[in-house]
Amino acid sequence: MAKIALAEPTAGVELELCDGAGCVPGPPMAPVEMQPARTTAEPIIEDTGVFTLVGDGVSGWSADFVGGQSVVGYRLTNTARGVVVEGTIDVDWVRVGGTERCGGPREADIELPS
């Protein structure tokens, strides 16, 4: 899990994330519109690499990632869905359980510009 805060807490902003270099920030595991050629009823899932994202621009967010890559893409938008700031940030994950050999759960504290 990652704890994410803004350098300057700001009300009324939404955060979109993605996991890995070159990824495209979006809502957690967001459904993508059905393609006309598809014949199945199952929606396509756009994999941002983010399972959950809860919180706000004042108190911060908590996010669960699929893999926890060393780079996270982010996008902050305002209430009119205009982009406030976007980019990538290096993440320093710290193992908080398990073993060095087998791995285990990891956590990170991320501070984003606002």
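How many salt bridges does the chain come to, if a salt bridge is a side-chain nitrogen of Lys or Arg within 4 Å of a carboxyl oxygen of Asp or Glu? The count comes to 3, and Glu-16, Arg-75, Arg-81 and Glu-86 are linked in a network of these bridges. Keep in mind that this is a predicted model: local features need pLDDT of at least 70, side-chain atom pairs count only at pLDDT 80 or more, and totals for chains, interfaces and linings use all residues. Residues are numbered from 1 along each chain as its sequence is written, and side-chain values use heavy atoms, with hydrogens and water left out.

**The chain overall**

- The secondary structure amounts to 0 helices and 10 strands; helices (H or I, at least four residues) and strands (E, at least two) are DSSP runs, numbered from the N terminus.
- Read from the N terminus, the elements go β-β-β-β-β-β-β-β-β-β.
- Of the 114 residues, 32% are buried, where buried means under 20% relative accessible area, exposed over 50% and partly exposed in between (1.4 Å probe, protein chains only).
- Take the contacts (heavy atoms within 4.5 Å) between residues at least 6 apart in sequence: 49% of them join residues at least 24 apart.
- The accessible surface is about 7100 Å², with 51% of it belonging to carbon and sulfur atoms; accessible areas come from the Shrake-Rupley method with a 1.4 Å probe, and for residues only the protein chains shown count as cover.

**The open sheet**

- Five strands make up an open sheet: 5 strands in the order S5-S6-S1-S10-S9, with mixed pairing. Two strands pair if DSSP finds at least two bridges between them.
- S5 and strand S9 (94–95) stand at the edges with a single partner strand each, so one side of each has no neighbour in the sheet.
- S5 and S6 run antiparallel and are joined by 6 bridges; here Val-50 sits opposite Phe-65 in S6.
- S1 and S6 are antiparallel too, with 3 bridges between them, and Ala-2 is found opposite Ala-63 in S6.
- S1 pairs with S10 in the parallel sense over 5 bridges; the bridge partner of Ala-5 in S10 is Glu-111.
- In a regular strand the side chains alternate between the two faces of the sheet.

**The nonpolar core**

- A nonpolar core is a set of buried Ala, Val, Leu, Ile, Met, Phe, Trp, Tyr and Cys residues joined through side-chain atoms within 4.5 Å.
- The largest one has 21 residues, and Ile-4, Leu-15, Leu-17, Trp-61, Phe-65 and Leu-112 touch the most other members.
- At least two residues of this core come from each of strands S1 (2–6), S2 (14–19), S5 (50–56), S6 (60–65), S7 (71–77), S8 (83–90) and S10 (106–112).
- Leaving out residues up to four places away in sequence, Phe-65 touches Ala-2, Leu-17, Cys-18, Asp-19, Gly-49, Val-50, Phe-51, Val-72 and Trp-93.

**The salt-bridge network**

- Arg-75 and Glu-16 meet through their side chains in a salt bridge of 2.7 Å, N to O. Arg-75 lies in strand S7 and Glu-16 in strand S2, so the pair ties together parts 59 residues apart in sequence.
- Glu-16 is buried, at a relative accessible area of 10%.
- Arg-81 also bridges to Glu-16, with the closest N and O atoms 2.9 Å apart. That pair links distant parts of the chain, 65 residues apart: Arg-81 in the loop between S7 and S8, Glu-16 in strand S2.
- Arg-75 forms a salt bridge with Glu-86 as well, the closest N and O atoms being 3.2 Å apart. With Arg-75 in strand S7 and Glu-86 in strand S8, this pair ties together parts that are 11 residues apart in sequence.
- Glu-86 is partly exposed, with a relative accessible area of 47%.

**Thr-77, a partner of Arg-81**

- Thr-77 belongs to strand S7 and is buried, with a relative accessible area of 2%.
- The side chains of Thr-77 and Arg-81 are joined by a polar contact of 3.2 Å. A polar contact is a pair of N or O atoms within 3.5 Å; within protein, one must be able to donate a hydrogen and the other to accept it, and residues adjacent in sequence count only if both atoms are side-chain atoms.
- Not counting residues up to four places away in sequence, Thr-77 touches Gly-12, Val-13, Glu-14, Gly-82, Val-83 and Val-84.
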